[in-house]
Amino acid sequence: MADNEQPVGPFATRQSDKRGRLLGRLQALTLHHYTHCVPYARMLEGLHGNWRGASTLEAMPWLPVGLFKHLRLASVPDEEIIRELRSSGTSGSLPSRVLLDRETAAAQTKALARIVSDVLGRARRPMLVVDRIDLLRSGEALSARGAAVLGFGNFGRHHTYALAPDLALDLDAVKAFLARFSDEPVLVFGFTFFVWRDLVQALRARGERLAFPSGSVLLHGGGWKRLADQRVDNTQFKHAVADALGIQQVHNYYGMAEQVGSIFIECEAGRLHTPDYAEVIVRDPITLSPMPMGETGVIQLLSELPRSYPGHSLLTEDIGAVLGEDDCPCGRMGRTLRVDGRLPRAELRGCSDTRPA
């Protein structure tokens, strides 16, 4: 389990120290899931027959993340499962099903708190959620989007929703929020595409600009697919946010429903950081061999958090590159990551791609 009691931040361990610690924990998790999840054991023997000999992180066996759309994978008895998290399946696709016990859910919550606090500090801020006001009342609380709003909601207070049930901007609600908290920094949270389309572009269409208090922070995630289609990159996004909202501190994050809590958060230098209890490996799309630093390939994510389901080592459908180790100008340790998008013909996924009917 993650050592959430250690009095240091989640990016404090040098890569050389982290690898050995993670390897032992991930090996133990592989044995745990092999022993308690029969479908996982069968896939392990079929895909990685020599898994018992894995002596490096690169040799750790992995599962294709898409399996969670088709199989119910649990490594604990049903009576210990307290929550089923579903990814946001797009039309025609199946959502992933992730089964959580109390221990795994608590570890994910603590890990997320450590990561976000490293950026925001520990004080809770007034929070504007760029999503539908009825999101958590509409049966989507267990979706990845609902879970994200609940999880990140722990870092805010006086939560206010910026969008009506039809995703129209509720400008009166946003202005009332700003008037109430005009003298203290606030937190704005939302999925990337919703922030872009339903807040920034909606304000532009109305000819409005808002002035959020100095020191306010925008935290967003969920993928760039729709913005990439519109040829909007991270730099343009930040400039538009600064122009429309007056917010200068903007942090993107990368993560997935199958590894909740293991998010990779963007630092002040624009890099996505791997937390101490997770790792990223980039593999050749054809041979699946580990690729050198800086080269683009398929992203594999490892996390020591999942105990109730075998999601500790997953081959994603995303492509990107490892940018460096222990060398980011922001001073955080560990590997940094760049995410470039999706594999060709990979099923469209990501919370920001979903829309209500």
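This is a predicted model: local features need pLDDT of at least 70, side-chain atom pairs count only at pLDDT 80 or more; totals for chains, interfaces and linings use all residues.
User: Let's start inside. Which residues touch the most other members of the largest nonpolar core?

Analyst: The general idea first: in soluble globular proteins, nonpolar side chains tend to be buried together. In this model, the largest nonpolar core has 60 residues, and F152, L169, F212, L245 and Y253 touch the most other members. Helix α6, residues 192-206, supplies the largest share of this core, with eight residues.

User: Let me zoom in on one of those. What does Y253 touch?

Analyst: Leaving aside residues up to four places away in sequence, Y253 touches A148, F152, F189, F191, L219, H220, G221, G222, I263, F264, I265 and L272. You've already met one of these partners, F152, among the residues that touch the most other core members.

User: How many residues are in the other core, and which are among them?

Analyst: That core lies apart from the largest one and has 29 residues, including M43, W51, A257 and F264. Look back at F264: this residue is also on the contact list of Y253.

User: Okay, on to charges. How many salt bridges does the structure hold?

Analyst: There are 22 salt bridges. To spot one, look for a side-chain nitrogen of Lys or Arg within 4 Å of a carboxyl oxygen of Asp or Glu.

User: Are E45 and R52 exposed or partly exposed?

Analyst: One of each. E45 has a relative accessible area of 34%, so this residue is partly exposed. R52 is at 56%, which makes this residue exposed, because exposed means over 50%.

User: What about R72 and D78?

Analyst: Their side chains meet in a salt bridge, 3.2 Å from N to O. R72 is partly exposed at 40% relative accessible area, and D78 is partly exposed too, at 48%.

User: Which pair links distant parts of the chain?

Analyst: Take E184 and R157, a salt bridge whose closest N and O atoms are 2.7 Å apart. The two residues are 27 apart in the chain: E184 sits in the loop between α5 (171-180) and β6 (187-191), while R157 belongs to strand β5, residues 156-163. E184 counts as partly exposed at 23% relative accessibility, and R157 is partly exposed at 28%.

User: Which residues are linked in a network of salt bridges?

Analyst: Have a look at R21, R25 and E304, which are linked in such a network.

Terms used:
Residues are numbered from 1 along each chain as its sequence is written. Side-chain values use heavy atoms; hydrogens and water are left out. A nonpolar core is a set of buried Ala, Val, Leu, Ile, Met, Phe, Trp, Tyr and Cys residues joined through side-chain atoms within 4.5 Å. Buried means under 20% relative accessible area, exposed over 50%, partly exposed in between (1.4 Å probe, protein chains only). Helices (H or I, at least four residues) and strands (E, at least two) are DSSP runs, numbered from the N terminus. Contact means heavy atoms within 4.5 Å.
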